[in-house]
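Please examine the sequence and the three-dimensional structure shown below. The report after it is written for a reader who is new to protein structure.

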Amino acid sequence: METDEHVGENGEVFVHRLKELTDDEKQRLAQQNSRMIPEAKAAKLEREAKRHWDIFYKRNETKFFRDRHWTTREFQELINFESDQRIVFLELGCGVGNMIFPLVEEGFSNFFFYACDFSPRAVEFVKTNKLFDENRMKAFCADLTTDDLFENVKPESVDIASLIFVLSAIHPSMWSQVARLAFRVLKPGGVLLFRDYGRYDMAQLRFKPGHKIAENFYMRQDGTRSYYFTEEELAKLFSEAGFDIIMNTYIQRRTVNFKEGIDAPRIFVQGKYKKPS
Ligand SMILES: C[S@@+](CC[C@H](N)C(=O)[O-])C[C@H]1O[C@@H](n2cnc3c(N)ncnc32)[C@H](O)[C@@H]1O
């Protein structure tokens, strides 16, 4: 496991300590507790999680998330193969395919891609993408908190799986189920690549009272939910599911858009978890 802090190619800083809060930020977090989401509403959000995400994709279509062009830079596991080695890749919670299609565009002709999500609209967007090729891809609906996945993918058949900004959308009581699912579907020696929102990311600090469901877990305006992780929580979760922790770190970076006057410090968590051989 990495212990040192370093700066990545794009000015991202990899750190192993929690962001320190200013007094103003502490006050903002405290204010969030003044009006929590009532339990009945929180339970309804859980029951309707799939519907909210499906409506999200109805409204935003493929325009919301940017293609994840950073994945081969951050995850060398994607490129450390002989070019003729056949690799089975599975994107868990694929949305409209922002992780897989940049890989398809770059070649990766030795890869077979599985992509699943519980939103039927998201899966449909994957299937209708001009880069979708059914000879080397399969997209299907699956709820990661159930065993749906195994209707389409055999246990122990995947070399690389990814969970990119997905676990944060899932209720904390279900995380261990999702981690075990990823473990079961990977071959021995297979790797799970992970990125998600980190504790005290600016999006967490910005929530107004009336959005908090539980500690570090919030509802957005559109009914989708988001959790903000510490690296310790993730190390515990994935090691308890059986993984060896190869990497587990915060990433601090700035999202800058001069035209829109945005310069936002972001905090993510990134991990690589390996199923022992
Ligand atoms: C923030 S989006 C990220 C999508 C994609 N991984 C990306 O990087 O663009 C979160 C995705 O997780 C999916 N999701 C949330 N809960 C899920 C569950 N229980 N089973 C399957 N997919 C789920 C949502 O439908 C949504 O597409």
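The sections that follow describe strands, helices, charged pairs and aromatic rings in turn.

## The model and strand β3

The structure is a predicted model.

Which strands pair with β3? One partner is β4 (residues 111–117), which runs parallel to β3 and is joined to it by six bridges. Within this pairing, Glu 91 stands opposite Ala 115 of β4. Another partner is β6, also parallel, which is joined to β3 by four bridges. Here Phe 89 has Ile 160 as its bridge partner in β6.

## From strand to strand through a helix

Strand β4 also pairs with β5, in the parallel sense and over five bridges. In this pairing, Tyr 114 has Lys 138 of β5 as its bridge partner. Between β4 and β5 the chain passes through helix α6 (residues 120–128), and this β-α-β crossover is right-handed.

A further unit of this kind involves β3. Together with helix α5 (residues 100–105) and β4, strand β3 makes a right-handed β-α-β unit.

## The buried face of helix α1

Helix α1 spans residues 23–32, and its buried residues are Glu 25, Leu 29 and Gln 32. Viewed down the axis of α1, these buried residues fall within an arc of 50 degrees, so they line one face of the helix.

What covers the buried residues of α1? The covering elements include α8 (202–206), β8 (212–214) and β9 (217–219).

## Charged pairs

Side chains of opposite charge can pair when their charged atoms come close. The count for this model comes to 14 salt bridges. One of them joins Lys 44 and Glu 48, with an N to O distance of 3.7 Å. Lys 44 has a relative accessibility of 40% and therefore counts as partly exposed. Lys 44 and Glu 48 also belong, with Arg 51, to a network of salt bridges.

Arg 184 pairs with Asp 147, and their closest N and O atoms are 3.2 Å apart. Arg 184 lies in helix α7 (residues 175–185) and Asp 147 in the loop between β5 (137–141) and β6 (158–164), so the pair ties together parts that are 37 residues apart in sequence. Both residues are partly exposed, with relative accessibility of 37% for Arg 184 and 46% for Asp 147. Lys 275 forms a salt bridge with Glu 156, the closest N and O atoms lying 2.9 Å apart. This pair links distant parts of the chain, 119 residues apart: Lys 275 is in the segment after β12 (262–274), and Glu 156 is in the loop between β5 and β6.

## Aromatic rings

The model has 27 aromatic pairs. In one of them, the rings of Phe 207 and Tyr 228 have centres 6.4 Å apart and planes at 65 degrees, so the pair is edge-to-face. Phe 207 is in the loop between α8 and β8, and Tyr 228 is in the loop between β10 (225–227) and α9 (231–240), 21 residues apart. Both Phe 207 and Tyr 228 are buried.

Ring pairs also link residues into a cluster, whose members include Trp 175, Phe 183, Phe 194, Phe 217 and Tyr 273.

## A residue in helix α9

Helix α9 contains Ala 235. The relative accessibility of Ala 235 is 18%, so this residue counts as buried. Apart from neighbours within four places in sequence, Ala 235 is in contact with Ile 245 and Asn 248. Ala 235 and Met 247 are 12 residues apart in sequence, and their C-alpha atoms are 9.1 Å apart in space.

Definitions and conventions
Residues are numbered from 1 along each chain as its sequence is written. This is a predicted model: local features need pLDDT of at least 70, side-chain atom pairs count only at pLDDT 80 or more; totals for chains, interfaces and linings use all residues. Side-chain values use heavy atoms; hydrogens and water are left out. A salt bridge is a side-chain nitrogen of Lys or Arg within 4 Å of a carboxyl oxygen of Asp or Glu. Buried means under 20% relative accessible area, exposed over 50%, partly exposed in between (1.4 Å probe, protein chains only). Helices (H or I, at least four residues) and strands (E, at least two) are DSSP runs, numbered from the N terminus. Two strands pair if DSSP finds at least two bridges between them. A crossover is right-handed if, with the strands pointing away from the viewer, the path from the first strand over the helix to the second runs clockwise. The arc is that of the directions from the helix axis to the C-beta atoms. Contact means heavy atoms within 4.5 Å. Rings of Phe, Tyr and Trp (its six-membered ring) pair if their centres lie within 6.5 Å; planes under 30 degrees apart count as stacked, over 60 as edge-to-face and the rest as tilted.
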